[in-house]
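Thanks for asking me to look at this one. My notes follow the model, point by point.

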Amino acid sequence: MSTAEYCHKLDELERLLNDPDVPMQPDRIWSLLADVARQPMPAGDRSAMTGGVKR
């Protein structure tokens with residue numbers, strides 16, 4: 001999985017969990033979590049995945 005795909009999955013997961021206008025989709029949430037957990041965090045600029053916040 002590329003860094004862009006990884007980030008896209010995290011963004012979608014964040015939207016599904018935190019956007020009050022998006023209906024809850026448990027199957028999709030679990031699927032995204034499984035995909036992300038299966039992969040090591042991609043190397044590169046990890047700050048892009050945290051909205052520029054250094055952790």
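1. Helices (H or I, at least four residues) and strands (E, at least two) are taken here as DSSP runs, numbered from the N terminus. On that basis the protein has two helices and zero strands. Please keep in mind that this is a predicted model: local features need pLDDT of at least 70, side-chain atom pairs count only at pLDDT 80 or more, and totals for chains, interfaces and linings use all residues. Residues are numbered from 1 along each chain as its sequence is written, and side-chain values use heavy atoms, with hydrogens and water left out.

2. Some overall values to start with. Of the 55 residues in the protein, 25% are buried; buried means under 20% relative accessible area, exposed over 50%, and partly exposed in between (1.4 Å probe, protein chains only). The accessible surface comes to about 4,100 Å², and carbon and sulfur atoms hold 55% of that (Shrake-Rupley method, 1.4 Å probe; for residues, only the protein chains shown count as cover). Among contacts (heavy atoms within 4.5 Å) with a separation of 6 or more, 44% join residues 24 or more positions apart.

3. How do the two helices meet? Two packed helices are described by the angle between their axes and the distance between the axes. Here the axes of H1 and H2 come within 10 Å and cross at roughly 145° (axes are lines fitted to C-alpha atoms, for helices over the stretch in contact, and angles run from 0 to 180 degrees between N-to-C directions). From H1, the contact takes in Tyr6, Lys9, Leu10, Glu12, Leu13, Leu16 and Leu17, while H2 brings Arg28, Ile29, Leu32, Leu33, Asp35 and Val36.

4. The largest nonpolar core has five residues: Leu13, Leu16, Val22, Ile29 and Leu32. Such a core is a set of buried Ala, Val, Leu, Ile, Met, Phe, Trp, Tyr and Cys residues joined through side-chain atoms within 4.5 Å. Helices H1 (3–18) and H2 are the elements that give two or more residues to this core. Leaving out residues up to four places away in sequence, Leu16 touches Val22, Pro23, Met24, Gln25, Arg28, Ile29 and Leu32.

5. Beyond four places in sequence, Glu12 touches Arg28 and Leu32.

6. Met24 sits in the loop between H1 and H2. With 55% relative accessibility, Met24 counts as exposed. Its contacts, not counting residues up to four places away in sequence, are with Leu16 and Ile29.

7. Finally, have a look at Gln39, in the segment after helix H2 (26–38). Gln39 is partly exposed, at a relative accessible area of 30%. Leaving aside neighbours within four places in sequence, Gln39 is in contact with Met1 and Tyr6. The C-alpha atoms of Gln39 and Ser2 are separated by 10.0 Å, although these residues are 37 apart along the chain.
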